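I opened my notebook to look up a few things in this model. I will go through it one piece at a time.

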Amino acid sequence: MEKIGVALIGTGFMGKCHAMAYGAVKAAFGDVPAIERAALCDVDEAHARKCAAEFGFARATTDWRDLLKDPGIQLISITSPNGLHREMAVAALAAGKHVWCEKPMALTLADAEAMTAAAAKAKGQATALGYGYLRNPALQFARKLIAQGAIGEVFDFRGSVDEDYMADPLIPWSWRLTRKDAGLGTLGDLTVHLVSLAQELMGNFESLCAMVDVVHGQRPVQGSDKTAAVENDDIAHALVRFASGARGVLTSSRIAHGRKNGLKIEVHGSKGMLWLDNERMNELNLYVADGPREERGFRRILAGPYHPAYDRLCPAPGHGLGFNELKVIELAELLYAVTGRPSQPVDFARGFSIEKVIHAFARSAESGTWTKID
Ligand SMILES: NC(=O)c1ccc[n+]([C@@H]2O[C@H](COP(=O)([O-])OP(=O)(O)OC[C@H]3O[C@@H](n4cnc5c(N)ncnc54)[C@H](O)[C@@H]3O)[C@@H](O)[C@H]2O)c1
């Protein structure tokens, strides 16, 4: 496949991020098909036209179904609010398109299951979800070190994901706070990322015991003197057990003042420990308990071209990749899957396993008991 026609639904934070990835992926990864930015969709016509011109898409539409009929489009990005993902993804798959959909997959576990079934039925079509942090070269190096036994037998995981985008109780109400458009709150927005990292380094989850709370129950409605109810979780914490027998603690909050991309993980083993903080995503910290005690301490390993796929974006170590560049790697993995090459996108089946964990948080918090994860 020499070129692939792509379409983009949604032009907000993630829409622009996908658009930039489409613009960069061929230059970064020469061995992927050339990208033809065929069409872009958003609800407001003038805005959609402006974005199409700025993002380099040939045409704009306000009707996403219009994209399904276009034979020049083989891959569709879905960056609309969560409540639209299921309908759009299932329809795109039925129309024979490959799908790159943002996380979380959907509002409910049943919706995510339906999307997974649609992807399984669509033979020869690839799917990917927006788990870009998994593509961080420093994170993948941590995974390699663990597999090589650098920190011995791994027995404990500590992870937190904190942001402050809703920390001020006066931040206005939005679609992200509703069951109808967002589904779960912090769980769907932030905890999914932490779960994806925990799975990557520790393997599957076996069970958990969670506490999930709304802290700021009402938010002002922009442009009026009314308030509206916050329908989904601000905070979600859990004790977890992995299938390997290892244990862990996962904490998450969207109301954590001062935290901007506070996604932090620690993995403890019998011979050492490693940790990574996403606010410094190019630095992996490794402690190995050997050598003279007085010389021991954490080593700070800066990501470089010897940590795949850093070299595709930058030849110079320590110069650093950013959030948007991880998205380029995420897209390359999907394009490799589209062209039948070995790759590891987070497809709908893997995404469904992440959704099972966040919905287990919600069930456990409601029942107040330990909850098994299939
Ligand atoms: N992977 C990540 O790190 C990450 C980060 C932020 C958001 N997200 C996810 O991305 C998705 C979008 O979030 P966002 O922050 O970009 O939101 P946003 O509000 O900035 O953008 C959403 C866009 O979808 C458009 N839209 C709404 N209904 C539409 C329709 N019917 N047809 C076409 N377009 C429509 C909106 O007009 C807007 O342009 C969510 O699922 C969110 O959870 C992922």
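This is a predicted model: local features need pLDDT of at least 70, side-chain atom pairs count only at pLDDT 80 or more; totals for chains, interfaces and linings use all residues.

**Entry: Gly149 and helix α6**

I looked up Gly149 first. I found Gly149 in the loop between α6 and β7 (154-162). Is Gly149 buried, exposed or partly exposed? I counted 13 C-beta neighbours inside 10 Å, so Gly149 is partly exposed. Next I checked Gly149 against Ser270, which lies 121 residues away along the chain. Their C-alpha atoms are separated by 9.6 Å.

Then I went back to helix α6 itself, residues 137-147. I listed its buried residues as Pro137, Ala138, Leu139, Gln140, Phe141, Ala142 and Leu145. What covers these buried residues of α6? I noted α7, β14 (272-277), β15 (283-288) and α8 (310-313) among the elements that do.

**Entry: the two domains**

I looked up how the chain is divided. There is domain 1 (3-131) and domain 2 (133-372). Their centres, taken over C-alpha atoms, are 24 Å apart.

**Entry: the largest core**

I turned to the largest nonpolar core. It has 110 residues. Ala7, Leu40, Ala89 and Phe361 have the most contacts inside it. Helix α7 (residues 186-202) gives the most to this core, with 9 residues. I also saw that the core draws at least three residues from each of domain 1 and domain 2. My general note reads: in soluble globular proteins, nonpolar side chains tend to be buried together.

**Entry: around the ligand**

I checked the shell around the ligand. I found 21 residues there, and Gly10, Gly12, Met14, Glu102 and Gly130 come nearest. Helix α1 (residues 13-28) supplies the largest share of the shell, 3 residues. I sorted the shell by class and got 8 nonpolar, 9 polar and 4 charged residues.

**Entry: helix α9**

I looked up helix α9, residues 323-338. It has 16 residues and reaches 23 Å from its first C-alpha to its last. That is close to the 22 Å expected at 1.5 Å a residue. Why do I call α9 largely enclosed by the rest of the structure? I call it that because 12 of its 16 residues are buried. Glu325, Lys327 and Ile329 are among them. I noted that the buried residues of α9 pack against β1 (3-9), α1, β4 (75-78), β5, β6 and α8. Gly340 follows α9 and has a positive phi, near 75°.

**Entry: cis peptide bonds**

I looked for cis bonds. The peptide bond from Lys103 to Pro104 is cis, with omega near -10°. Pro104 sits in the loop between β5 and α5. I noted another cis bond, from Pro308 to Ala309, with omega near -5°. Ala309 sits in the loop between β16 and α8.

I found Asp290 in the loop between β15 and β16 (299-302). Asp290 counts as exposed because it has 9 C-beta neighbours inside 10 Å. Asp290 and Gly272 are 18 residues apart in sequence, and their C-alpha atoms are 8.7 Å apart.

I found Gly96 in the loop between α4 (85-94) and β5. Gly96 has 13 other C-beta atoms within 10 Å, so I marked it partly exposed. Gly96 and Glu279 are 183 residues apart along the chain, and 38 Å separate their C-alpha atoms.

How values were computed
Residues are numbered from 1 along each chain as its sequence is written. A nonpolar core is a set of buried Ala, Val, Leu, Ile, Met, Phe, Trp, Tyr and Cys residues joined through C-beta atoms within 7 Å. A residue is buried if 20 or more other C-beta atoms lie within 10 Å of its own, exposed if 12 or fewer, and partly exposed in between; C-beta atoms are placed from the backbone. Helices (H or I, at least four residues) and strands (E, at least two) are DSSP runs, numbered from the N terminus. Domain bounds come from an automatic or database domain assignment. A residue is near a molecule or strand if its C-beta atom, placed from the backbone, lies within 6 Å of it. Ala, Val, Leu, Ile, Met, Phe, Trp, Tyr, Cys and Pro count as nonpolar, Asp, Glu, Lys and Arg as charged, and the others, Gly among them, as polar. Two residues are in contact if their C-beta atoms, placed from the backbone, lie within 7 Å. The expected span of a helix is 1.5 Å times one less than its number of residues.
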